[in-house]
Amino acid sequence: MRDRATAVITSLLVLAVAACPLSGFAEASEPQPAQSDATGASTAARPRAREAGVVIGSLPPGPRNAIVDVPGVAVGHATIVEGDTIRTGVTAIVPHPGDLYRERVPAAIHVANGYGKLLGVTQVEELGELETPILLTGTLGVWKAADAMVGWMLARPGMEQVRSLNPMVGETNDGFLSDIRVRPIRPEHVVQALEGASTGNVEEGAVGAGTGTVAFGWKGGIGTSSRRLPEASGGYTVGVLVQSNFGGDLVIAGVPVGRALPDPDSLASAVGAGRGERPPANGDGSIMIVVATDAPLDARLLRRLASRAVIGLGRTGASMSNGSGDYVIAFATAKDVRMANDAVAHVTRPLANDAMNGLFRGVAEATEEAILNSMFRATTVTGHRGTVRALPLERVLPLLGDAASP
């Protein structure tokens, strides 16, 4: 099986390039569509984990193996690559296609390590609901992104009398590859991500909010995955999207591959791609995990679900260091639990506690696989302070043995 996996990954990497990535989001059907980086080169040679034979867990994924497998959920990106020093972006997750301010979805937040600037958290904790899409971006872009989303929402029909809005914006620090002090996020970037959000395939890797991120010293980015429960357990779907920018000792499918790989900086220098400082690998940097489900969950049950996503994070070898902001935002889209903002009372029918076990298992598996997808799909990027090398899949898969068996 190892020889077969190696042959597959070798053929997939024949056309791979080490360059800055990509912009945009395109609706398409499986398999993942070809993408282009900032130089116009194809990134189609870099597979997702499952395409390379790395299967996480035992529950089946949804049709796209993505957060958009939860009906109605859409994702959009705006990738910002400017000159030699700006490598950042915005990713938008839209829970449903209706009026989110008036038809709110139950939501909860789990804070695994609170070194971050998550905006909107206290109102979600107090009320247990989302009234805006979720934006992800770089650390010092949070407030610009929030302001732009507020302007976009207030300009929508029916919002003329709104006097309060709680924008939900998460971040990770992309200051190695991007000159974070410039704060290049502009309203048009946020609008692009929101209005370009699609229920089609989600572009992964060094795109949107993942353009400048680093994971385990290798290139991180945006990744997604999903799981579907058996019909006997309700047939519900749970989907996850991550912005990976953290560290530790990389583990893939239970195999501690990180300790067997060469130093990312030395490998980059060996192929002539290195410049500047060494990429961070000390664990600081953060991860944002967004969880969506069509199961009828209220805020209390979503809080329980969100806490289980951290199991998947831990399985990848994350150290959750002092300087890493590790957050999970979970929401449910089922119409049985949505809340009209002008209702006097809400009558909902959430699942029983005993019905949560399959969702707990699914969110852990999907989180683990989403993180791997963020790294498998990411390309090498050179930016503000140096080069971050893409995870060398041709070296990784032989280390996995039977864990990689296409």
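A word on the source: what you see is a predicted model. The protein has 406 residues, and 58% of them count as buried. Its secondary structure comes to 8 helices and 15 strands. Now the contacts. Take those in the protein with a separation of 6 or more: residues 24 or more positions apart account for 80% of them.

Let's start with helix H3.

Which residues of H3 are buried? Val-142, Ala-145, Ala-146, Ala-148, Met-149, Trp-152 and Met-153. An α-helix has 3.6 residues a turn, so residues three or four places apart point the same way.

And what covers the buried residues of H3? The cover includes strand S5, residues 134-138, strand S6, residues 168-172, and H4.

Lining it are 19 residues, and the closest to its centre are Val-94, Pro-97, Gly-98, Trp-152 and Arg-156. Note Trp-152. It is one of the buried residues of H3, and it is also among the residues closest to the centre of the largest pocket. By class, the lining of this pocket has 12 nonpolar, 4 polar and 3 charged residues.

Next, the second largest pocket. About 290 Å³ of space lies there. It is lined by 24 residues. Closest to its centre are Asn-173, Gly-175, Asn-245, Asp-284 and Gly-285. The lining divides into 7 nonpolar, 12 polar and 5 charged residues.

The largest cavity has about 60 Å³ of space. Its lining is made by Thr-88, Gly-138, Leu-140, Gly-141, Asp-174, Ser-178, Ile-180, Arg-183, Pro-184 and Ile-185. By class, that is 4 nonpolar, 4 polar and 2 charged residues.

Last stop: helix H8, residues 393-400. Its buried residues are Leu-393, Val-396, Leu-397 and Leu-400. They cover an arc of only 95° around the axis, which puts them on the same side of H8. After H8 comes Gly-401, whose phi is positive, near 60°.

Look at Leu-400. Why does Leu-400 count as buried? Because its relative accessibility is 5%, and the cut-off for buried is under 20%. What does Leu-400 touch, leaving out residues up to four places away in sequence? Val-54, Ile-252, Val-255 and Val-257. Take Val-257. It is 143 residues from Leu-400 along the chain, yet their C-alpha atoms are separated by 7.6 Å.

Definitions and conventions. Residues are numbered from 1 along each chain as its sequence is written. This is a predicted model: local features need pLDDT of at least 70, side-chain atom pairs count only at pLDDT 80 or more; totals for chains, interfaces and linings use all residues. Side-chain values use heavy atoms; hydrogens and water are left out. On a 1 Å grid over the protein atoms alone, a cavity is a set of points where a 1.4 Å probe fits but cannot get out, and a pocket is an open set with protein on both sides within 12 Å along at least five of seven lines; lining residues have an atom within 4 Å of a point. Ala, Val, Leu, Ile, Met, Phe, Trp, Tyr, Cys and Pro count as nonpolar, Asp, Glu, Lys and Arg as charged, and the others, Gly among them, as polar. Grid points are joined across faces, edges and corners, and a volume is the space filled by probe spheres set on the points. Buried means under 20% relative accessible area, exposed over 50%, partly exposed in between (1.4 Å probe, protein chains only). Helices (H or I, at least four residues) and strands (E, at least two) are DSSP runs, numbered from the N terminus. Contact means heavy atoms within 4.5 Å. The arc is that of the directions from the helix axis to the C-beta atoms.
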